[in-house]
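Biologist: Could we go through this model together? I would like to start with one position and then move on to another.

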Amino acid sequence: MAIQGGLPVRAFMHARGLNRYKSCPRGCTTDETTYHLFWECAYAQDLLKALSTELGAWIPTTCITADSVMYGLFPGSHALGDLQGCWRLLCCLKDVLLFSRNRLVVGKKETSTLVCRKMIHSLLRDYAALDGSDDDSDDET
């Protein structure tokens, strides 16, 4: 839904008469679009900076662009495993950004970047555990 621009962000909802506001709920002066939520917003950039060590383990942080975050398109050539690891981390980042945004809009509760970073690490551990269980079940058949 993010690629197609169908996430219920403020600009999307406002265009359909479902919301009075279209600006970012974090106080940015621009409209809250999917692109803004995942890339332009200062909150997203702060969280990306907080994850620079983790991202840098797979791909140089200079290769992380808006297209990388939005669509998984990374400039340059990289090993497949590095791309997969980086993409998984960026997908977790987007999950947590949307969750924290919804928590702010609906519950009026701000989520710190530290808490978001912990949530991302938790999601990554969950996915790694699921990958491990998938590998085990393949061995049994």
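This is a predicted model: local features need pLDDT of at least 70, side-chain atom pairs count only at pLDDT 80 or more; totals for chains, interfaces and linings use all residues.

Modeller: S100 is found in helix α6, which covers residues 80-107.

Biologist: Is S100 buried or exposed?

Modeller: S100 has a relative accessible area of 1%, which is under the 20% cut-off, so S100 counts as buried.

Biologist: Which residues is S100 in contact with, leaving aside its neighbours within four places in sequence?

Modeller: Those contacts of S100 are R26, Y43, T111 and C116.

Biologist: Which other residues of α6 are buried?

Modeller: Besides S100, the buried residues of α6 are G85, C86, L89, L90, C92, L93, K94, V96, L97, R101 and L104.

Biologist: Why might residues three or four places apart point the same way?

Modeller: An α-helix has 3.6 residues a turn, so residues at that spacing point the same way.

Biologist: How far does α6 reach from its first C-alpha to its last?

Modeller: With 28 residues, α6 reaches 40 Å, close to the 40 Å expected at 1.5 Å a residue.

Biologist: What follows α6?

Modeller: K108 follows α6, and the phi of K108 is positive, near 55°.

Biologist: Changing topic, where is A66?

Modeller: A66 is in helix α5, residues 66-71. With a relative accessible area of 11%, A66 is buried.

Biologist: What does A66 touch, not counting residues up to four places away in sequence?

Modeller: A66 touches Y35 and W39.

Biologist: And how far apart are A66 and V9?

Modeller: A66 and V9 are 57 residues apart in sequence, and their C-alpha atoms are 18 Å apart in space.

Conventions: Residues are numbered from 1 along each chain as its sequence is written. Side-chain values use heavy atoms; hydrogens and water are left out. Helices (H or I, at least four residues) and strands (E, at least two) are DSSP runs, numbered from the N terminus. Buried means under 20% relative accessible area, exposed over 50%, partly exposed in between (1.4 Å probe, protein chains only). Contact means heavy atoms within 4.5 Å. The expected span of a helix is 1.5 Å times one less than its number of residues.
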